[in-house]
Amino acid sequence: MNNDARWMTGIGVALFGLAALFIASRAADATFMWTGLACAFVSVATIFNLIRISFDEAEGKPPPWPGQAVPYALLAIAFCSVLFHVLSPWWWAPIASNWHYIDSAINLTFWITGIVFVAVMIFMAYCLFRFRHREGHRAEYEPESTRLELVLAVATSVGVATMLAPGLMVWNQFITSPSDTVEVEAVGQQWSWNFRLAGQDGRLGTTDIRAVQPVGNPLGISPADRHGQDDIVVEAEDLHLPVGKPVKLLLRSIDVLHSFYVPEFRTKMDLVPGMVTQFWFTPTRTGRFQILCAELCGVGHAIMRGWVVIDDEPAYQAWLGAQRTFASRGSPNIASSESVAAAGHGRTEKGPVHPAH
Amino acid sequence: MGEATAKPLDGRGHAEVPEDDLYHATSWWTKYVFSQDAKVIALQYSATALAAGFVALVLSWLMRLQLGFPDSLSIIDQNQYYQVITMHGMIMVVYLLTALLLGGFGNYLIPLMVGARDMAFPYLNMLSYWTYLLAVLVLMSSFFVPGGPTGAGWTLYPPQAILSGTPGRDAGIVLMLVSLIIFIIGFTMGGLNYVVTVLQGRARGMTMMRLPLTVWGIFTASVMALLAFPALFVGAVMLLFDRLLGTSFFMPAIVEMGQPLGYSGGSPILFQHMFWFFGHPEVYIVALPAFGIVSDLISTHARRNIFGYRMMVWAIVIIGFLSFAVWAHHMYVSGMHPYFGFFFATTTLIIAVPTALKVYNWVLTLWRGDIHLTVPMLFALGFIVTFVNGGLTGLFLGNAVLDVPLSDTMFVVAHFHMVMGVAPILVIFGAIYHWYPKATGRMMHEAMGKFHFWVTFIGSYAIFFPLHYLGLMGVPRRYHAMGEMSDIPLSTGELNALVSVAAFIVGFAQLVFVFNLIWSLRHGAAAGGNPWRATTLEWQTPETPPGHGNWGRELPVVYRWAYDYSVPGAMQDFLPQNQPPSAQATRSAAP
Amino acid sequence: MTIILLLVATLATIALWWLSHQRLMEKPWLETGPAEAFRGVTAGGMPAEKIALGVFLAVVSSLFALFASAYSMRMHMASDWRSLPLPWLLWPNTIVLFLSSLAMGWAQIAVRRGDAASLRKALLAGGASAFLFLVGQLMAWQQLAEGGFYLAANPANAFFYLLTALHGLHLLGGLVAWGRTIVRTGRSTAARWMTLSVDLCALYWHFMLLVWLAILALLLHG
């Protein structure tokens, strides 16, 4: 390393250290403060070493590690990546649905890909360490090794199949909803969520985009369809669902693409205007979970939030009893409480709703 | 095409055009501005692409300021945020990476590496550059129109791309689509040139299997681009019709902000199919030239033949074919028919096998090599690290059901930045350090280069590696502010701040690179004709930088493949492709 | 997307056939030696312009195949598709375009015979009929517009205008090349140059006829 390089490196490392100090000083979180301090310390140590080596060089002492920074850097990257993976506090939210299969598939893929990544890094580091240019040394001439390539190809294929097979099996479950699901509709618009549950008759009424009225009928329920009259409309409020019952979410949008995403449920599906999309899941624990929009839908994309509340059965029935039907919303004069109570009653009597499809 | 393209038709192709038949520039204008020389056009392409890339880099700073320090240092609002991400993405993918790798490196390297005097159609080549420049100018002009550039995201998904809830709905989206259409027309002119030159312009003895992998990569990518860009063209034209003429190709019946619009029946998913039929091959259009270039960098600087050359060629070709059958892996949660998921997950993971074999062959080339850790080699190594990392996360996203929680989160952002942002950019830097001596006759400053490498490499890794974990937590992409998220700890704000700081450091390191580019033009050490002692033809030109017509009076004749490094018994540790076998014998017979 | 995938598969087959002649399985490091030993696979016989046109036609095929894919997908994705009555003018137009292509074939024969007079006649006939076709298409548009079939009224209409416009633009581009060729006939140009020029025009004309027939089939199908 010549002096120019040393100056450049020194300045770079100094900048890095300052940035780290800056982070540490502003950090509200202990992890960050320590990370910043550690980085700052590393940069001070590096600069100290640079100076020490330049003095050593001036005195004619041999450098401590003769230019083997690259393999060590590769090893450090592999090591730090694994360390980050293991220690980082940033990991998925505790699961609240039946889709722990997806978590398992991701974990399996993490294991396989992690091992491959570390192996490649170690191999590269070893090559750089061992076969670095030396005077008078010449590389070996070996155009190819069909056997080695064949072995590697087969091993890779096996690895890929190991990840693909469980992935496809879980995908099959994901797209095949069980027969006893309750259908619930979520409708997106710029930039809020509305929901609809089947009423007394156990089925959702048909919709028509031309029937949409911002006030009165935000979901575009066809007024002519009698099945729609007793549908329960939840406008810009929390959606409640009972715990432990499989739900099939039917998704519609009245304007642009949106995507219904609850990180704790591990599921996501786009809402596409002009069509109905769907996915199913079974909530496995009670709580209040945030719905995020995961498909760019205009300037309000980031604030398009909603909530799903998973209740136990009594709480769910209480909530359901307080909701209003489409008919009662449209004509506020009709006392709504009876009909809705009846709707709730009907639901408990009939059990899970089978929509006519 | 002017008379410049007149060529004898005696069945021997372009390669044997005598030097005097070439088009000769007569004035300063035709020599340096409206030049038909592929080398000048290459530099024009590169300079324009890099300038566009710097605009996109500055945009990424604005974005990172907003994400890292939303309360204190942000200088953009949410409208501008969406405009910034859209322009950043589109410029980087199309106007920087595609233009630089194919227009820049393709133009410079193809004629030199195959032993031709110039491209097959120099006039068309010149037209291609000026059309590209026009596309860039149209795109940039959208910064200055009322309403600003479009904020539809680089995927430009309708309906929101052309509705009023999205910034830049008036003029921005129209300029974006028009610019893309112009770009595609310009690229088609260039792409025809690259393909025909490789097919017809090869020097005597230059068989396809003697081509350096750089040419294979650029050639295959050009063929793919020629077939894939029409999909973007179709999508852009139809979207433009929907926006300007009120057709309903992609637009269903919509009630926007309480107002019913005049559209009906269109399908947004149709656009997604068109976009990704272009968009996925586009990933490989960027990746394949990078694969090719990095193979040559590793081989040259490890003084060893690229390991498994045949496998490398087959892998490029197989990836090229397969990449047309994987596009819908971007659409697992788009609402398309779910059974497609089985097919596309399978094809996507199959494509991982040839890609993995390429990686193995790169690292196996290092094995028992004689590795010189020059700046280009460092960048090549950096490419392997980031590409392996980004490629492996692709196995998550390509496997349909794993994509369900991860799709449209920061995990995706991290993945594609690692694999098609950082990795190809590192190759581009490595290639610039590698071929700069040929283009200018001077070496770039090594210490500055090493500084540039370490900061860019470690910095980029520090930017994009942690972002995967934001995505795992469930942070969606394209959020200008996270706001209150129930499941996401506040410490993610600190993580974002750290990432932003890394982004600024990396950004400033690029200034060192630009300074090095300019400084070395005058002060760099004289390079000589073949400073890296490489075998390929571009290093064997009689002049450096190569003169007009590249080869002086006589075209080179090729006697061997491109990777004769460290051949046992040879005097030197490399044998240029145009060195006849007899000369090798006599030289190796000499002491 | 079936149509474009079929096209890609066809092009892939052609590419594979070509690649199979490039000694892809040989070990190049063992084949050190002079070029002559491997003559068969170095840059070969066909003029670059012809190859370029071939590649360009592949690009144009890809473009129209993608439009055709979009057409059939859009048709089946929603129920609002109402086919428009094809204007009767399209049939005479098709005949004119066919004659145009025929005239170009005649020009090919003439240029090979070295018959300058009939070459000029044939080229003029080909270009003029192509021009006539374009005028006919514009009149067909007018017919439709008079019948109230506006662009934005229905996707079937929109596709009709879009596809015919795109085909017309490509033909217009061909007419530019035709203009250059016809100017050349006035000068004393080398015979092989002339042959190539006419060949390229004729190839493009035949291709445009094929594209038009494909579009017509698509429109009739809709």
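Predicted model: local features only at pLDDT ≥ 70, side-chain atom pairs only at ≥ 80, totals over all residues.
Residues are numbered from 1 along each chain as its sequence is written, with chains lettered from A and ligands numbered from 1 in the order in which they are written.

**Chain B against chain C**

- Helices (H or I, at least four residues) and strands (E, at least two) are DSSP runs, numbered from the N terminus.
- Ala, Val, Leu, Ile, Met, Phe, Trp, Tyr, Cys and Pro count as nonpolar, Asp, Glu, Lys and Arg as charged, and the others, Gly among them, as polar.

**Helix pair in chain C**

- The axes of H5 (residues 155-186) and H6 (residues 191-221) of chain C come within 10 Å and cross at roughly 165 degrees. Axes are lines fitted to C-alpha atoms, for helices over the stretch in contact, and angles run from 0 to 180 degrees between N-to-C directions.
- H5(C) is therefore roughly antiparallel to H6(C) (an angle over 145 degrees).
- Residues making the contact include C:Phe160, C:His167 and C:Trp178 of H5(C), and C:Met194, C:Tyr204 and C:Trp212 of H6(C).
- The residues of this contact divide into 15 nonpolar, five polar and one charged.

**Sheet in chain A**

- Five strands form an open sheet of mixed pairing, in the order E3-E2-E1-E5-E8. Two strands pair if DSSP finds at least two bridges between them.
- The edge strands are E3 (232-235) and E8, and each pairs on one side only.
- The twist averages 25 degrees from one strand to the next.
- E1 (residues 182-189) and E2 (residues 192-197) of chain A pair in the antiparallel sense over six bridges.
- A:Glu185 stands opposite A:Arg196 in E2(A).

**A:Pro273**

- A:Pro273 sits in the loop between strands E7 (267-271) and E8 (277-281) of chain A.
- A:Pro273 is buried because 27 other C-beta atoms lie within 10 Å (the cut-off is 20 or more within 10 Å, with C-beta atoms placed from the backbone).
- Leaving aside neighbours within four places in sequence, its contacts include A:Ser253, A:Val256, B:Pro159 and B:Pro268.

Definitions and conventions: Buried ≥ 20, exposed ≤ 12 C-beta atoms within 10 Å, placed from the backbone. Contact = placed C-beta atoms within 7 Å. Parallel < 35°, antiparallel > 145°, perpendicular 65-115°, else oblique.
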